[in-house]
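Student: I'm new to this one and would like to go through it step by step. Could you show it to me before we start?

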Amino acid sequence: MSETFNLSQLEAMWVLGLLLGEELPEHAASALEEGFDSEAILQLSICSPNEAEQIHQLFERILAEGGGGKMSKVDALKHYAKQISTSILSDKISPLEGAKLIWRATINSQEREFHELDSFIYAASEMEDRPEDKEFFEKAIREEAQRWEATDVSRNL
């Protein structure tokens with residue numbers, strides 16, 4: 001993992017079903033490489049991918065030690081939208097790819113009354129149907145990404 005270990009990002013992805021338990025030992029190993037010092041992180045880093053129950057318990061412990069473990073699906077969606085928005089604006093992913101990732105996370109969450117990410121979903125769905133308007137929709141996604149990047153999602157956690 002080349003990016004800095006970010007427990008809030010991992011929790012958001014976990015809550016949204018976008019992070020598999022078998023991936024967590026690798027993230028824990030990266031955290032150790034980055035200087036995080038925790039017995040639970042060390043134990044998680046040496047888990048085998050098939051130790052699902054142990055992985056889950058250790059990750060829950062790591063979240064609790066880090067002050068997390070209580071993220072709602074809506075808060076997870078907001079945090080994830082900010083994370084993906086940053087990736088869009090830094091050109092790590094295309095606007096369409098980012099909007100599709102947010103769309104998938106929204107579907108996974110099953111939060112039918114949460115509509116704050118609908119702009120991404122609309123732009124992604126329309127861009128596929130109207131390729132001649134690609135520039136227009138990419139600009140709309142980037143503008144929405146700028147709004148989300150500037151949003152303080154931590155105040156809701």
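Tutor: Let's begin with a term: a residue is called buried when its relative accessible area is under 20%, exposed when that area is over 50%, and partly exposed in between, using a 1.4 Å probe and protein chains only. This is a predicted model, so local features need pLDDT of at least 70 and side-chain atom pairs count only at pLDDT 80 or more, while totals for chains, interfaces and linings use all residues. Residues are numbered from 1 along each chain as its sequence is written, and side-chain values use heavy atoms, with hydrogens and water left out.

Student: Okay, is L44 buried or exposed?

Tutor: L44 counts as buried because its relative accessible area is 2%. L44 sits in helix α3, where helices (H or I, at least four residues) and strands (E, at least two) are DSSP runs numbered from the N terminus.

Student: And which residues is L44 in contact with, leaving aside its neighbours within four places in sequence?

Tutor: With contact meaning heavy atoms within 4.5 Å, L44 touches L24, P25, A28, I55, L58 and I62 once those neighbours within four places are set aside. As for H27, which is 17 residues from L44 along the chain, the two C-alpha atoms are separated by 8.9 Å.

Student: What about L42, how does that one count?

Tutor: L42 also lies in helix α3, but L42 counts as partly exposed because its relative accessibility is 39%. Between L42 and A28 there are 7.0 Å in space, C-alpha to C-alpha, for a separation of 14 residues in sequence.

Student: Which residues touch the most other members of the largest nonpolar core?

Tutor: A nonpolar core is a set of buried Ala, Val, Leu, Ile, Met, Phe, Trp, Tyr and Cys residues joined through side-chain atoms within 4.5 Å. The largest one here has 43 residues, and L44, L117 and F120 touch the most other members. At least two residues of this core come from each of α1 (7-15), α2 (24-33), α3 (39-45), α4 (52-65), α5 (73-89), α6 (95-109), α7 (118-129) and α8 (134-149). The helix that gives the most to this core is α5, with six residues.

Student: So what does F120 touch?

Tutor: Not counting residues up to four places away in sequence, F120 touches S85, I88, A99, I102, I141, E144, A145 and W148.

Student: Switching to α1, what do its buried residues pack against?

Tutor: The buried residues of α1 are L7, L10, E11, A12, M13 and W14, and they pack against α2, α4 and α5. Just after α1, G17 takes a positive phi of about 75°.

Student: Where else is there a positive phi, in a residue other than glycine?

Tutor: D91 has a phi near 60°, and D91 is placed in the loop between α5 and α6. D91 counts as exposed because its relative accessible area is 56%. Q110 is not a glycine either, and its phi is positive at about 60°; Q110 is found in the loop between α6 and α7. At 56% relative accessibility, Q110 counts as exposed.

Student: Last topic, what lines the largest cavity?

Tutor: On a 1 Å grid over the protein atoms alone, a cavity is a set of points where a 1.4 Å probe fits but cannot get out, and lining residues have an atom within 4 Å of a point. Grid points are joined across faces, edges and corners, and a volume is the space filled by probe spheres set on the points. The largest cavity has a volume of about 40 Å³, and its lining is made of F5, L10, L24, H27, A28, I41, L44, F59 and I62. The largest share of that lining, three residues, comes from α2.

Notes: On a 1 Å grid over the protein atoms alone, a cavity is a set of points where a 1.4 Å probe fits but cannot get out, and a pocket is an open set with protein on both sides within 12 Å along at least five of seven lines; lining residues have an atom within 4 Å of a point.
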